[in-house]
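Morning, everyone. Please have a look at the model on the screen, and then I'll walk you through it.

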Amino acid sequence: MNDTRTVLSENQKKRMVKSYYQGKETPDFTFNEPFVGAGGIYSSVRDMFKFIEANLHPERTTIEKDLLLAQQPREVNKYLSMGLAWDISTLSSHDETTTVIGHSGNTMGASSFIILAKEKNIGVVVFSNSNVPVDDIGLLALKVILSKRE
């Protein structure tokens with residue numbers, strides 16, 4: 001994952017899209033240590049596809065134990081479990097229930113959402129250069145993909 005980092009190179013800065021908050025261009029939101037992991041990680045679609053692939057197939061990586069540990073459910077309540085930074089729940093589609101893991105976040109000018117249906121070998125990622133949450137778009141995309149595979 002060569003494009004995922006907390007500090008951008010000059011080349012990456014040139015490729016970064018403008019951010020918008022409530023429809024107006026906004027400066028990039030900056031996180032300082034120790035909070036950079038809470039929203040200061042930059043990535044690309046290509047790197048996120050690599051991240052999805054690694055999490056769908058940890059056995060193909062050199063960090064299998066770490067990925068599996070992060071995905072291990074810890075019950076929060078009867079509706080939700082948490083992994084290490086992952087929300088773990090079930091998604092009902094037609095007559096089938098699928099376990100999904102996901103994570104979302106947004107800042108003043110960006111939103112992102114990732115969701116994985118490991119048993120189905122499907123991952124979806126959504127990026128937006130706006131503060132509007134994109135979780136519903138990602139969930140809808142996953143449901144459409146699942147319905148086409150049934």
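I'll take a pocket, a helix and a serine, in that order.

This is a predicted model, where local features need pLDDT of at least 70, side-chain atom pairs count only at pLDDT 80 or more, and totals for chains, interfaces and linings use all residues. Residues are numbered from 1 along each chain as its sequence is written, and side-chain values use heavy atoms, with hydrogens and water left out.

The largest pocket holds about 1400 Å³ of space. Its lining has 48 residues, and I41, Y42, S43, S112 and F127 are the closest to its centre. By type, the lining divides into 25 nonpolar, 19 polar and four charged residues.

Which element gives the largest share of that lining? Helix α2 does, with five residues.

So, on to α2, residues 45-56. Helices here are DSSP runs of H or I, at least four residues, and strands are runs of E, at least two. Buried means under 20% relative accessible area, with a 1.4 Å probe and protein chains only. In α2, D47, M48, I52, A54, N55 and L56 are buried. These buried residues pack against α3, β7 and β8.

Last, S130. Where is S130 found? In the loop between β8 and α4. Buried or exposed? S130 is buried, because its relative accessible area is 18%. Contact means heavy atoms within 4.5 Å. Beyond its neighbours within four places in sequence, S130 contacts Y20, G109, A110 and S111. A polar atom of the S130 side chain also lies 3.1 Å from the backbone nitrogen of V132.

Definitions and conventions
Buried < 20%, exposed > 50% of the residue type's maximum accessible area, 1.4 Å probe, protein only. Polar contact = N/O pair within 3.5 Å; in protein donor to acceptor, adjacent residues only side chain to side chain. Expected span 1.5 Å × (residues − 1). 1 Å grid on protein atoms, 1.4 Å probe; cavity = no way out; pocket = protein on both sides within 12 Å on 5 of 7 lines; lining within 4 Å. Points joined across faces, edges and corners; volume = space filled by probe spheres on them. Nonpolar A, V, L, I, M, F, W, Y, C, P; charged D, E, K, R; others polar.
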